[in-house]
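Please walk through the helix packing and the aromatic contacts of this structure. Keep the sequence and the model side by side.

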Amino acid sequence: MVSHLAFLKNMKLKLRTQNLYVRCGLAEFLGTLILILFGCGSVAQMELSGFAKAQFLSVNMAFGFAVTAGAYVCAGVSGAHLNPAVSLAMFILKKLSWKLFLIYCLAQFLGAFIGAALVFSLYYDALHVYSNGNWTVYGPQSTAGIFASYPSEHLSAINGFTDQVIATAALLICILAILDEANNAAPRGLQPFLIGIMVLLVGLAMGFNCGYPINPARDLAPRFFTAIAGWGSEVFSAGGHWWWVPVLGPLVGGVVGAVIYEVFIEFHHPSPNQKQESEEPTEGINRPHYELVQSSA
């Protein structure tokens, strides 16, 4: 027992790092891995069981809670971006340096890639039975959609791009509101849970067109994995070379959402002096206030 504890202590001393870039990179890697493991795992369970073990609603819930789980894993270290679109928005808002932005994106991509590999390993036998070992992108026994998004038959690339911009912008607006201390920020311990609820809401409202990827790392890294694992280059050519839409669309949407929140909310927060003056009682002025209203029904 003593030697075991000594071994763990020795390993901790050897592996421990105070380097900010390494710490944040490791945190984003693990948080994103958790997101993909639970999120894509829920899709695999739904598809491979023929919708007997799960439905689209359960996938929506799984991705929402997967974001929550991944965020709780790393929020105290890196802030739990788990998404290059979020990291780009924070970089634009000057809340993240360009070096950290690059490290975050790389860590998120690698985490998503390994997460996809774990889902593949977890359901390897089920994948073989379901598809007879024939990895396909389209068709009745297709399985590529477990790992990455593909457009519905009705969806054009332009409409898909618009879908991703709108969905990611809406998500970023909500995230910034949850984090905004000058607005009505949620308690720190609840922020990952509420952000997961926002992802669930996006899935419930905007998942029909292409499955709401809203995250370049979540879509592109598993797509690369499927290309290597046996699905081939069709994962990039399918859907009229759809692959770029869930990469570029969320990045644009993240910036759009951040700008909208800044222009409509952040720019108009009172300065500390103005806030102090506004708290002083003034006769004849009824200021807006926020309160929870209890229903008697």
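Leu220, Arg223, Phe224, Thr226, Ala227 and Trp231 of H9 meet Glu234, Val235 and Phe236 of H10. Contact here means heavy atoms within 4.5 Å. By class, six of these residues are nonpolar, one is polar and two are charged. Ala, Val, Leu, Ile, Met, Phe, Trp, Tyr, Cys and Pro count as nonpolar; Asp, Glu, Lys and Arg count as charged; the others, Gly among them, count as polar.

H9 covers residues 216-231 and H10 covers residues 234-241. Their axes are 9 Å apart and pack at an angle of about 115 degrees. Axes are lines fitted to C-alpha atoms, for helices over the stretch in contact, and angles run from 0 to 180 degrees between N-to-C directions. Helices are DSSP runs of H or I with at least four residues, numbered from the N terminus.

This is a predicted model: local features need pLDDT of at least 70, side-chain atom pairs count only at pLDDT 80 or more, and totals for chains, interfaces and linings use all residues. Residues are numbered from 1 along each chain as its sequence is written, and side-chain values use heavy atoms, with hydrogens and water left out.

Now the rings. The whole structure holds 16 aromatic pairs. Rings of Phe, Tyr and Trp (its six-membered ring) pair if their centres lie within 6.5 Å; planes under 30 degrees apart count as stacked, over 60 as edge-to-face and the rest as tilted. Phenylalanine 147 and tryptophan 231 form an edge-to-face pair, 5.5 Å centre to centre with 65 degrees between the planes. This pair links distant parts of the chain, 84 residues apart. Phenylalanine 147 sits in the loop between helix H6 (124-131) and H7, and tryptophan 231 in helix H9.

Buried means under 20% relative accessible area, exposed over 50%, partly exposed in between (1.4 Å probe, protein chains only).

Phenylalanine 236 and tryptophan 243 have ring centres 5.9 Å apart and planes at 80 degrees, so this pair is edge-to-face. Phenylalanine 236 is buried at 18% relative accessibility, whereas tryptophan 243 is partly exposed at 31%.

One aromatic cluster takes in Phe113, Phe120, Tyr124, Trp135, Phe147, Phe225 and Trp231.

Last, threonine 168. This residue lies in helix H7 (residues 157-179). Its relative accessibility is 0%, so threonine 168 counts as buried. Threonine 168 touches Ala85, Ile214, Pro250, Gly253 and Gly254, not counting residues up to four places away in sequence.

Key
Helices (H or I, at least four residues) and strands (E, at least two) are DSSP runs, numbered from the N terminus.
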